[in-house]
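Hi,

Here is the structure I promised to hand over. Have a look at it first, and my notes on what turned up follow below.

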Amino acid sequence: QVQLVESGGGLVQPGGSLRLFCAASGTFSSINSMGWYRQAPGKERELVARVVNSDSTYYADSVKGRFTISKDNAKNTVHLQMDSLKPEDTAVYYCNAWTLVNYVYLEVWGQGTLDTVSS
């Protein structure tokens, strides 16, 4: 059983910053990628940022230059630093990982954390 535990986030004013943290625990051989998705009210879940194989990063166009993702392979954790936040960044943010378990890659989701950007 693999679990992702998230922390961080909350309420911030426009232009402010938030930092999200996610840690993977349980039994697995390795993690191929870790990242963050978000889902705003009335919208579909979308990929925000991802780290693949510890050195390849991807960012959605809407967050490029404002968000920074970093992964600690030794600790199986991933951080998302969110700067210059906008009201449209308000969403539930979900940690996501692809973990290798018994030679099979399994997708795992965190429980989600609500981040609100509002004055």
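Let's start with a charge over a ring: Arg45 lies over the face of Trp109, at 4.6 Å from the ring centre. The charged end of Arg45 also sits over the ring of Tyr94, 3.8 Å from its centre. (Sitting over a ring means that NZ of Lys or CZ of Arg is within 6 Å of the ring centre and within 35 degrees of the ring normal.)

Before you go further: this is a predicted model, where local features need pLDDT of at least 70 and side-chain atom pairs count only at pLDDT 80 or more, while totals for chains, interfaces and linings use all residues. Residues are numbered from 1 along each chain as its sequence is written, and side-chain values use heavy atoms, with hydrogens and water left out.

Now the rings. There are 2 aromatic pairs in the structure; rings of Phe, Tyr and Trp (its six-membered ring) pair if their centres lie within 6.5 Å, with planes under 30 degrees apart counted as stacked, over 60 as edge-to-face and the rest as tilted. Tyr37 and Trp109 have ring centres 4.9 Å apart and planes at 65°, so they are edge-to-face. This pair links distant parts of the chain, with Tyr37 in strand S4 (residues 30-39) and Trp109 in strand S10 (residues 104-109), 72 residues apart. (Strands are DSSP runs of E, at least two residues, numbered from the N terminus.) Tyr37 is buried at 17% relative accessibility, whereas Trp109 is partly exposed at 32%; buried means under 20% relative accessible area, exposed over 50%, partly exposed in between (1.4 Å probe, protein chains only).

Tyr94 and Trp109 are edge-to-face too, given centres 6.5 Å apart and planes at 85°. Here Tyr94 comes from strand S9 (residues 91-101), 15 residues apart from Trp109 in S10. Tyr94 is buried, with a relative accessible area of 15%. Tyr37, Tyr94 and Trp109 together make one aromatic cluster.

On to the sheet: an open one of 4 strands, ordered S1-S3-S8-S7 and paired antiparallel (two strands pair if DSSP finds at least two bridges between them). Strands S1 (2-8) and S7 (67-72) are at the edges with a single partner strand each, so one side of each has no neighbour in the sheet. Strand S3 (residues 18-26) is joined to S8 by 6 bridges, and Leu18 has Met82 in S8 as its bridge partner. Thr77, in strand S8 (residues 77-82), is buried at 6% relative accessibility.

Cheers
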